[in-house]
Structures are given as structure tokens and as C-alpha cells.
Amino acid sequence: MQKIIDAHVHLSERQDDALIRFAQVNGLRYTLDELLGTMERYGIMRGLLLSPPLQGATSLPNDKIITLCTRSDGRLAPVITVEPTPKDVKAALKLAEENKKEVKAFKIRLGYVKASAQSPVFNGLYDYAESERLPVLFHTGDTAFSTGDLVHSHPLTLDGLANKREGLTIILCHFGNPWFEDVAELIYKHPNVYADISGLITGSKGYAEKYVEWLAKKISEAIYFAGGAEKIIFGTDYPVTKHSEALDLVRRLDVEEVDREKILWRNAERVFRL
Ligand SMILES: [Zn+2]
């Protein structure tokens, strides 16, 4: 069976989870049991668990993410979400230090928080991430809610940070959708910049089939532009995108099998040191 790593998963098992509406659209129960069962069915050996947004402006506390990962029996590994206040940065670093063996990355919710990638509040986080060789994931592109701030979530806002910190591993979530070409340039230009292909498909609106074709074409073209698939990482963004649809997208890419393998697990295993 093909080995797969899902580098972008959400879960809370709480009623005030703001991703429940995506779970409903996708017909998902959005529970740990369902998630682990589905991973098993599709041959997904590991997943990285990220805090989902809650109703209001907050996201699930990071200690709850650690607890869920513990309950998963090693199948899920935690990514610590960092909010742009000195207090939150300090707490995130403390938690990462206390759970050093488990924590695989940090995440910054660009577009949802009032900060840019280069806000000085994150300097301590970037220093720590660099020294511990922990990647930082950034939400980029379209936001799940209409109130999101696209000026802060545009992928080109990461160019300056990548220039300044060549030792920091930067991962652009959702391939900057719809700015695929900007992300193609960023992963081509910067040795330390990667992109995940999670959360690109949700529900079925008009032209759903054409849209998936368009996505596969855009991502394939980014791979041609970058000259390879070393910088592209598979993720679902469960419950936003169903496992079947996320894997179908990879299947549709017009690339060689060795590149599909890099996307499905080799790159993630290397970058997150799994
Ligand atoms: Zn996500």
C-alpha cells in the first residue's frame, strides 16, 4: 500500500468548533474515531494536528491538541498555533519545550489575526523555530470566513520573511489559493519555502468538476515551473476537505509517480522529521 502522511488535520470534538459547518457539508462526524478510521482506510500513517478555529475569534487551546494527539496513540502529532501577542508566543514556546518530542511545527493564522508574517511579536518564535529546526506553517490565500483579511494572508507577504530568515522552514498552507503562481515563484526562489495542498476543495458548488480540473492544472504547472515536486506537501485540512477528494486531487496531477510519492509522504517525512 502507498504510504501517506497528512500534514494538515483539524479536530476539537467541541460544539463551538467553527469548522463544524464544513464537516456537515461533507457529511462527516468530525470525531477522533472517525478520523483515525478514515486514515486507516486510506493508508495514512501519520497526521499533523492543528487547532481549529472556535466560534468568536479564538482557536482551540494548544494543550487540547496535545491531549487529542496522545489519545491517537501516536498517529497524530501536534502543531502549536501561535497568536500574535507576547503572552501567546511565550505560552506556545513553553508548551513546545515541554513537549519537545511530540511537537512537529508551529502555525500562524494569517488572515484571521491582526498581524502580518513580519510582525515583530513573532521574532522570538522564529528564533526558537530556527534553532530547533521546527517548520512554521502559515495560513495563506482564501479565508474560511468572509471577514478574513486577504492583505495579510496573501502568499507574497512571506517573501520578505524568507529573505530575512533563510534558516527558517516556511510552509504556505493551501498553496496560497487562488495565487498559485505566486506560490510557484516562492517555492522556486527560496530553498526554505514549501507549500501544502490542503483545504482546496469543499462541498460542491457549481462547476465542481471543472474546479478540481483547474486545481490539478494549477498545481501541476507550479511543479513544472519549480522544476520538481520537492517543495509540495500533501494535506487534507479535515474536515474542510474529504480524504477521498484530497487524494483524488493528487491522482489528477500530471506528474511522474516519483513526484506523487514525494508529495504524499517523502517531503513531509523529511521536512517535519517524522
Ligand atoms: Zn487548516
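In helix α7 (residues 157–164), the residues Leu 158, Leu 161 and Ala 162 are buried. A residue is buried if 20 or more other C-beta atoms lie within 10 Å of its own, exposed if 12 or fewer, and partly exposed in between, with C-beta atoms placed from the backbone. The arc is that of the directions from the helix axis to the C-beta atoms. Gly 160, Asn 163 and Lys 164 are exposed on the other side of α7. The buried residues of α7 pack against β5, β6, α8 (180–189) and β7 (193–196).

The model is predicted: local features need pLDDT of at least 70, side-chain atom pairs count only at pLDDT 80 or more, and totals for chains, interfaces and linings use all residues. Residues are numbered from 1 along each chain as its sequence is written. Helices (H or I, at least four residues) and strands (E, at least two) are DSSP runs, numbered from the N terminus. The chain has eleven helices and eight strands.

The overall form was examined next. A compact globule of 274 residues would have a radius of gyration near 19 Å, and the 17 Å of the chain agrees with this. The radius is taken over C-alpha atoms, and the globule rule is 2.2 Å times the number of residues to the power 0.38. Along the principal axes, the C-alpha atoms fill a box of roughly 45 × 40 × 35 Å. Of the 274 residues, 48% count as buried. Contacts between residues at least 6 apart in sequence join residues at least 24 apart in 77% of cases. Two residues are in contact if their C-beta atoms, placed from the backbone, lie within 7 Å.

Strand β5 (residues 136–139) is covered on both faces. Val 136 and Phe 138 are buried on one side, Leu 137 and His 139 on the other. Strand β4 (residues 105–108) runs parallel to β5, joined by three bridges. Strands pair if DSSP finds at least two bridges between them. Ile 108 stands opposite Phe 138 in β5. Strand β6 (residues 170–173) is also parallel to β5, with four bridges. Ile 170 in β6 is the bridge partner of Val 136. A right-handed β-α-β unit is made by β4, helix α5 (residues 123–132) and β5. Right-handed here means that, with the strands pointing away from the viewer, the path from the first strand over the helix to the second runs clockwise.

The largest nonpolar core has 83 residues. Such a core is a set of buried Ala, Val, Leu, Ile, Met, Phe, Trp, Tyr and Cys residues joined through C-beta atoms within 7 Å. Leu 49, Phe 106, Phe 138, Leu 172 and Val 183 have the most contacts inside it. Beyond its neighbours within four places in sequence, Phe 106 is in contact with residues including Val 79, Ala 92, Leu 125 and Val 136.

Helix α3 (residues 62–71) has Asn 62, Ile 65, Leu 68 and Cys 69 as its buried residues. They share the same side of α3, because their arc around the axis is only 110°. Their cover includes α2 (32–42), β2 (44–50), β3 (76–81) and α4 (86–98). Asp 73 follows α3 and has a positive phi, near 65°. Gly 74 lies in the loop between α3 and β3. Gly 74 counts as exposed because it has 10 C-beta neighbours inside 10 Å.
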